[in-house]
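Please find below a colleague's note on the structure shown here. The points are numbered and each may be read beside the model.

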Amino acid sequence: MSAVLIQNMLSEKEATAYVASAGFRAGSVGSVGTELEWLVRDPGAPLSRPMPDRLRDAVRDLPDPLPGGGRITIEPGGQLELSSGVGASLAECVANTRSDMALLTAAVEAAGLRLEGGGLDMLRPAFRVLDTPRYEALERFNDRSGPEGRVVACNSASVQVCLDSGDDSDGWLGYQRRWWLADAMGPMLLAIFANSPGTAGGHRWRSTRQVLRFAMDPSRTRAPRMTDDPRKEWARYALAAKVSVVASEDGQDWTAPEGLTMRDWLRGGGPRPATYIDLEMHLGTLVPPVRPRGYLEFRMIDQQDGENWVVPVALVTGLMDDALTAERAADVVRPLRSLRRHHDWVTAARRGLREPGLTEAATACFALAQEGLERLGAPGDIRAAVAEFAERYTVRGRCPADDVAARRVRSAVAA
């Protein structure tokens, strides 16, 4: 065993304390960030998958970071992800991300490629184009539970909204209530922005992307339990989750032993002692719908078409970051929480806003968000984008997946 590993060995008590504190960093509320994943397609060869060298060449001349603070990464299946800089406000985040997206879009199109909205690529077989020890090990881990993991890794795209965890107060800007509200709103947000219609498991889905995620290892993909102590629960969840990668000193095979949980590893059941680096890598592979990473990541939202990514970023911020709006939104979504909580998530993925209770709550929350956005000083163009989306979809009981499904029917009839 190397001296480095010996010096960084980690006990279960230390790991529990670290996860609890690192998951929810208490502080003032107001920062906003987003991560935008995009499917990439060559219009001249729509069934092919651009390889990493072509993607790197496409963005080679762009600065890193981009002028707005964003950074570009390539995902396992050749998706491109723009991770925004942290905005001091919603307005700053949206303005900077729009400018960075304009540069990224222009560079990709100049290379003969196209960024494609939507949550799931239904045309191309799932195929990993990045060969790294981490992604190879993740693929082996996911394959143990079925083919869904490959599809999610290689063929899916999302909008992630990132907001502050909250302060130490017991109000609606405190981290405990914000965690509860984020989870309570989650199925509704999933239904509002469902944009990956498809068939899986004999059922039709509005968000096939999310239901495929749930079909993966449940210890890493389902929502944590709601308790009075989110820090303690997140630590319990993280340590009970299965380990998907174990970094090797030679940098080669990172395959994790089958069935190994992080708690098992900390108790001596792994191939070597666990370190803080191992724990951080493990936390980065956990993908519940809302993930605490010092801030809150909303991960249940399918990618949208064009600039409609602005709408989920604004809606979530408007509902969460204004205390009065958050309190009122909590009253709206509280009845949506059933005793069969996972069933709530699955129903939202399957039916979208065809579920009456979700439609009523979503319509009310859009109205509340507009009030919150005005109090937060959101620019008029952002508020207008939210209003236009609500009028086109939400108040009509529709989601973007309904447009995609209708286009497929028209294409099939024309053919």
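1. The second largest pocket holds about 350 Å³ of space. A pocket here is an open set of points on a 1 Å grid over the protein atoms alone, where a 1.4 Å probe fits, with protein on both sides within 12 Å along at least five of seven lines; lining residues have an atom within 4 Å of a point. Grid points are joined across faces, edges and corners, and a volume is the space filled by probe spheres set on the points. Its lining comprises 17 residues, and those nearest the centre are E116, L120, V404, R407 and R408. Two or more lining residues come from each of β1 and α18 (400-414), and α18 gives the largest share, three residues. Helices (H or I, at least four residues) and strands (E, at least two) are DSSP runs, numbered from the N terminus.

2. The model is predicted: local features need pLDDT of at least 70, side-chain atom pairs count only at pLDDT 80 or more, and totals for chains, interfaces and linings use all residues. Residues are numbered from 1 along each chain as its sequence is written, and side-chain values use heavy atoms, with hydrogens and water left out.

3. The pLDDT is the predictor's confidence in each residue, from 0 to 100. The chain has an average pLDDT of 95, and 98% of the residues score at least 70. Confidence is lowest in helix α1 (residues 3-7), with a mean of 46, and highest in α13, at 99. Residues 1-6 have a pLDDT below 50, and this stretch has seven contacts in the model beyond near neighbours in sequence; contact means heavy atoms within 4.5 Å. Where pLDDT is low, the predicted coordinates should not be read in detail.

4. The largest pocket has a volume of about 820 Å³. It is lined by 35 residues, and E75, R134, Y135, G284 and R299 are the closest to its centre. Elements that each supply at least two lining residues include β1 (32-41), β2 (71-74), α5 (133-143), α12 (276-285) and β9 (295-302).

5. What classes of residue make up the lining of the largest pocket? There are ten nonpolar, nine polar and 16 charged residues. The lining of the second largest pocket has six nonpolar, five polar and six charged residues. In this scheme Ala, Val, Leu, Ile, Met, Phe, Trp, Tyr, Cys and Pro count as nonpolar, Asp, Glu, Lys and Arg as charged, and the others, Gly among them, as polar.

6. Side chains of opposite charge can pair when their charged atoms come close. A salt bridge is a side-chain nitrogen of Lys or Arg within 4 Å of a carboxyl oxygen of Asp or Glu, and the count by this rule is 39. One of these networks links R41, R114, E116, D121 and R124.

7. E307 and R98 form a salt bridge through their side chains (3.4 Å, N to O). E307 lies in the loop between β9 and α13 (310-320) and R98 in helix α4 (residues 90-110), so the pair ties together parts 209 residues apart in sequence. E307 is partly exposed, at a relative accessible area of 45%, and R98 is also partly exposed, at 22%. Buried means under 20% relative accessible area, exposed over 50%, and partly exposed in between (1.4 Å probe, protein chains only).

8. A salt bridge also joins the side chains of D183 and R337 (2.4 Å, N to O). D183 is in helix α7 (residues 175-192) and R337 in the loop between α14 (323-333) and α15 (341-351), so the pair ties together parts 154 residues apart in sequence. D183 is buried, with a relative accessible area of 5%, whereas R337 is partly exposed, at 25%.

9. L130 is located in the loop between β4 (114-116) and α5. Is L130 buried or exposed? L130 counts as buried, at 9% relative accessibility. Leaving aside residues up to four places away in sequence, L130 touches P52, R56, I74, E75, P76 and Y135.

10. In helix α10 (residues 230-240), the buried residues are P230, E233, W234, A235, Y237, A238 and L239. They pack against α2 (12-23), α7, α9 (218-221), α11 (262-269), α12 and β8 (290-292).
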